[in-house]
Amino acid sequence: MMRIDAHHHVWTLARADYGWLTPERGPIYRDFGLSDLAPHLEAAGIEGTILVQAAPTEAETAFLLDVAKGAEQVRGVVGWIDFDAGDAAARVDAIAERDLLVGLRPMVQDIADDDWLLRPELAAPLEAMARHDLVFDALVLPRHLPRLIQVVDRHPDLQFVLDHFGKPNLATGDIGAWKDDVAGLATRSNVVCKLSGLATEAAPNWQVADLREAADHALACFGPERMLWGSDWPVVNLAGGYAHWFAAAESLLADLSSEARAAIFGGNAARIYLSSRGRPTSRK
């Protein structure tokens with residue numbers, strides 16, 4: 001079964017639309033391209049990737065699709081459209097025609113209005129996404145999870161992916177409410193969970209034990225058939241780097257069967273983003 005990194009980025013600072021990416025970000029405040037990623041993929045035995053947006057602009061989505069078009073390892077792109085535009089549904093219809101687009105991701109964590117997900121105007125573009133078999137990647141914080149549950153219930157035909165486990169606050173250990181909301185979200189069959197981003201939510205110099213409670217809880221709720229692994233590279237460079245996180249994920253999943261681990265490290269991503277969407281798992 002092909003291994004897939006279901007969540008990574010590339011960026012070019014000169015494009016100047018990464019508002020969150022400032023010099024204070026230190027080691028990730030520079031250009032990152034697929035050539036920088038390649039050694040990590042080779043070391044981990046990863047053959048394919050899902051490239052995910054990092055800027056809230058349609059120009060960046062076009063940039064990512066152009067990058068992916070010339071890259072054998074990139075199997076799909078999760079992009080962005082202006083969901084607040086009056087013609088948002090038409091924008092979904094238009095971008096869905098682009099080769100390699102597999103999903104869209106509003107950057108909910110950065111939106112000032114905590115109730116943004118509940119806006120009635122969001123219904124039309126989400127219905128358009130469902131028509132085109134596009135995945136909704138949910139970049140949310142724990143406080144957004146109750147709202148996300150409502151949106152999931154309103155759109156049972158739309159596939160949702162919970163990015164980064166919904167960002168539990170591992171640094172403080174205050175994850176009780178998060179655990180309850182994740183358990184509720186997992187009862188919805190059109191939601192899967194992405195095993196990614198935990199390292200950057202933990203305290204500095206984290207150990208695998210610091211991630212285990214959250215990982216075990218999400219695994220118990222979603223099961224291995226509804227979990228997919230992603231590196232969140234190069235953001236993960238802020239918290240130990242690609243190899244450290246990959247090794248931690250392998251340790252967290254070590255008690256599962258080889259079939260279950262293979263599903264999390266690739267099979268589920270192929271099913272959710274590619275094959276069930278009518279897109280090939282191979283670019284050859």
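In which sense do S1 and strand S2 (residues 48-52) pair, and over how many bridges? S1 and S2 pair in the parallel sense, over three bridges.

Before selecting anything, note that this is a predicted model, in which local features need pLDDT of at least 70, side-chain atom pairs count only at pLDDT 80 or more, and totals for chains, interfaces and linings use all residues. Residues are numbered from 1 along each chain as its sequence is written, and side-chain values use heavy atoms, with hydrogens and water left out.

**Stop 1: the sheet**

Helices (H or I, at least four residues) and strands (E, at least two) are DSSP runs, numbered from the N terminus. Two strands pair if DSSP finds at least two bridges between them. Strands of a sheet pair through backbone hydrogen bonds, either parallel or antiparallel.

Select the eight strands: they form an open sheet in the order S1-S2-S3-S4-S5-S6-S7-S8, with parallel pairing. S1 and strand S8 (227-229) stand at the edges with a single partner strand each, so one side of each has no neighbour in the sheet. From one strand to the next, the twist averages 25°.

**Stop 2**

Select strand S1 (residues 4-8). Five of its five residues are buried, so S1 is largely enclosed by the rest of the structure. Buried means under 20% relative accessible area, exposed over 50%, and partly exposed in between (1.4 Å probe, protein chains only).

Now pick Asp5, whose bridge partner in S2 is Thr49. From Thr49, move on to strand S3, where its bridge partner is Val74. S2 and S3 pair in the parallel sense over four bridges. S3 is mostly covered, with six of its six residues buried.

**Stop 3: helix H1**

Select helix H1 (residues 34-44), which lies across S1, S2 and strand S3 (74-79) and runs at about 140° to S1. Axes are lines fitted to C-alpha atoms, for helices over the stretch in contact, and angles run from 0 to 180 degrees between N-to-C directions. Contact means heavy atoms within 4.5 Å.

Ser35 is in helix H1. Is Ser35 buried or exposed? Ser35 counts as exposed, because its relative accessibility is 62%. Its C-alpha atom is separated by 9.9 Å from that of Val10, 25 residues apart along the chain.

**Stop 4: S6 and S7**

Select strand S6 (residues 160-162) and strand S7 (residues 191-195), which run parallel and are joined by three bridges. Phe160 stands opposite Val191 in S7.

**Stop 5**

Helix H8 lies across S7 and S8, running at about 155° to S7. Within helix H8, select His217. His217 counts as buried, because its relative accessibility is 17%. Leaving out residues up to four places away in sequence, His217 touches Trp178, Lys179, Val182 and Ala183.

Two packed helices are described by the angle between their axes and the distance between the axes. Select helix H8 (residues 208-222) together with helix H9 (residues 242-252): they pack at an angle of about 55°, with axes 10 Å apart. H8 and H9 are therefore oblique to each other. Angles under 35 degrees count as roughly parallel, over 145 as roughly antiparallel, 65 to 115 as roughly perpendicular and the rest as oblique.

To see the contact, show Val208, Leu211, Arg212 and Ala215 of H8 with Trp245, Ala248, Ser251 and Leu252 of H9.
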